[in-house]
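Hi,

I'm passing a structure on to you, and the sequence and model are just below. Have a look around, and then read on for what turned up.

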Amino acid sequence: MSTSIHSTEPVYRLQQAGREVILIGTAHISQASADLVKEIIEREKPDTVCVELCQTRYKTLLNPEAWKETDIVQVIKQKRTFVLFLNFILSSVQRRLAKDMNVTPGLEMQTAMDVAKVQGAEVETIDREVRTTLQRVWRLMGFWTKMKLFNQMILSMFEDEEEISEAQIESMKEKGALEMVLQEMGDQLPGVKQRLIDERDLYMVQKIRQAPGQKLVAVVGAGHVPGMMANWDNQEIDLADLDSLPAASSWTTLLKWLIPLLALGLIVAGFMKGDPSTAAARGWDGIIGWVLVNGGLSALGTLIAFGHPLTIIAAFIAAPITSLNPLIGVGYVTGLIEAVIRKPRVAHFESLPEDILTAKGWWQNQVTRILLVFILSSVGSSIGTFVGYGWLIENVFG
């Protein structure tokens, strides 16, 4: 049973296990939404206020300076580099749009937390960890889809040079930063909506069930309200399943090992085919071609990211080797070297919120430049692997 309690905004009074829940659908970068949240919490005086935040984002709002203590070397070692990169992209999109509207990103969530504290209400985070959501989406994507997404993210860095349209702002109000960046992937990858929106709808419904109190206010993005309403009485939601990372498919695992093995096979075949007097030269031609193409394109990617000269040399040396090893990528090597040689200073972290708003800032700030070195050296090596295959096949069969 649900009752709408606001004439123009998606706000509903719901019943759940004998408790009353007021569900507020908000615009993520809207002063009006923040005002509405404040008004309803003050009027309803709930025991608990549930917010569409994960623990990581909640802690960031509580302590905005905490991310300055980020250890970029540990981020790379723990293989969280791409997630951090995507988080910065999402933050830059949201900050640019919020700046256009002259509001603070996440204002309605911060307002909900502040008013709850004044009212003496508990605050509960109900969203899934953003890292888990991104990893579940990432597992769905094939190589070319990832390349399309990467291309879209890079282009989003340059949007500061263009006027942001009213349509973009309206879209942002409904979808949020994460949905904005990935929306164009929907046609090629229908599963994105399931992992990005539908699963989180289920997750938040179940987290509200687990929240304490007899009267609750839940503050979520307006785009989540229809899905949450549709699943309000769903009794089969498994949070452990929604929090888990799906195992890589057997086909993906096979390809991860098959690609380097085939490359090694083609290199060996170059030494064995034809006249023994020319086989050695052919074999070395294959190795030299593989090194030049794979190492050269990875080094080029590192150069484009303005990596240190030693990092560029490391990319050239490491890429042909890591391409034949499914357990480590060249980005791991280049990112660590860049982070050690050009360790970010406190000033770089302090300027991050402004630097990620412009393409120039991404290349100037040492934190984001390390991420660019990681990403672009990896992309260069991936392209080099495909081009190198052509070289090896031509060398053996041409």
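A quick word on names before anything else: a helix here is a DSSP run of H or I with at least four residues, a strand is a run of E with at least two, and both are numbered from the N terminus. Please keep in mind that this is a predicted model.

Let's begin with the whole chain. The protein chain has 19 helices and six strands. Of its 398 residues, 48% are buried. If you take the contacts between residues at least 6 apart in sequence, 78% of them join residues at least 24 apart.

The largest nonpolar core holds 30 residues, and I72, F85, F88 and W362 have the most contacts inside it. At least two residues each come from α3 (72–77), α4 (81–101), α6 (130–140), α15, α18 (359–364) and α19. The largest share is that of α19, with nine residues.

Helix α19 (residues 366–397) also packs against helix α15 (residues 330–341): their axes come within 8 Å and cross at roughly 155 degrees. That angle makes the two helices roughly antiparallel, since angles over 145 degrees count as such. Their crossing is right-handed. On the α15 side, the contact uses V330, G331, Y332, T334, G335, E338 and A339, while α19 brings Q366, R369, I370, V373, F374, S377, S378 and S381. Sorted by class, this contact has six nonpolar, seven polar and two charged residues.

Helix α1 takes part through Q31, S33, A34, V37, K38, I41 and E42, and α5 through L107, E108, T111, A112, V115 and Q119. By class, there are six nonpolar, four polar and three charged residues in this contact.

Now for some single residues. Is Q16 buried or exposed? Q16 sits in strand β2 (residues 11–16) and is buried, with a relative accessible area of 7%. Beyond its neighbours within four places in sequence, Q16 is in contact with V21, V205, I208, R209 and W232. A17, by contrast, is exposed, at 79% relative accessible area. A17 belongs to the loop between β2 and β3 (19–26).

I237 lies in the loop between α10 (225–230) and α11 (239–243), yet counts as buried at 12% relative accessibility. I237 and Y203 are 34 residues apart in sequence, with 7.5 Å between their C-alpha atoms.

Finally, a detail of the backbone. Most residues other than glycine have a negative phi. A17 is not a glycine, but its phi is positive, at about 55 degrees. F306, another residue other than glycine, also has a positive phi, near 65 degrees. You will find F306 in the loop between α13 (276–304) and α14 (309–322).

Happy exploring, and do write back with any questions!

Best wishes

How values were computed. Residues are numbered from 1 along each chain as its sequence is written. This is a predicted model: local features need pLDDT of at least 70, side-chain atom pairs count only at pLDDT 80 or more; totals for chains, interfaces and linings use all residues. Side-chain values use heavy atoms; hydrogens and water are left out. Axes are lines fitted to C-alpha atoms, for helices over the stretch in contact, and angles run from 0 to 180 degrees between N-to-C directions. Angles under 35 degrees count as roughly parallel, over 145 as roughly antiparallel, 65 to 115 as roughly perpendicular and the rest as oblique. A crossing is left-handed if the near helix is turned anticlockwise from the far one by less than a right angle, and right-handed if clockwise. Contact means heavy atoms within 4.5 Å. Ala, Val, Leu, Ile, Met, Phe, Trp, Tyr, Cys and Pro count as nonpolar, Asp, Glu, Lys and Arg as charged, and the others, Gly among them, as polar. Buried means under 20% relative accessible area, exposed over 50%, partly exposed in between (1.4 Å probe, protein chains only). A nonpolar core is a set of buried Ala, Val, Leu, Ile, Met, Phe, Trp, Tyr and Cys residues joined through side-chain atoms within 4.5 Å.
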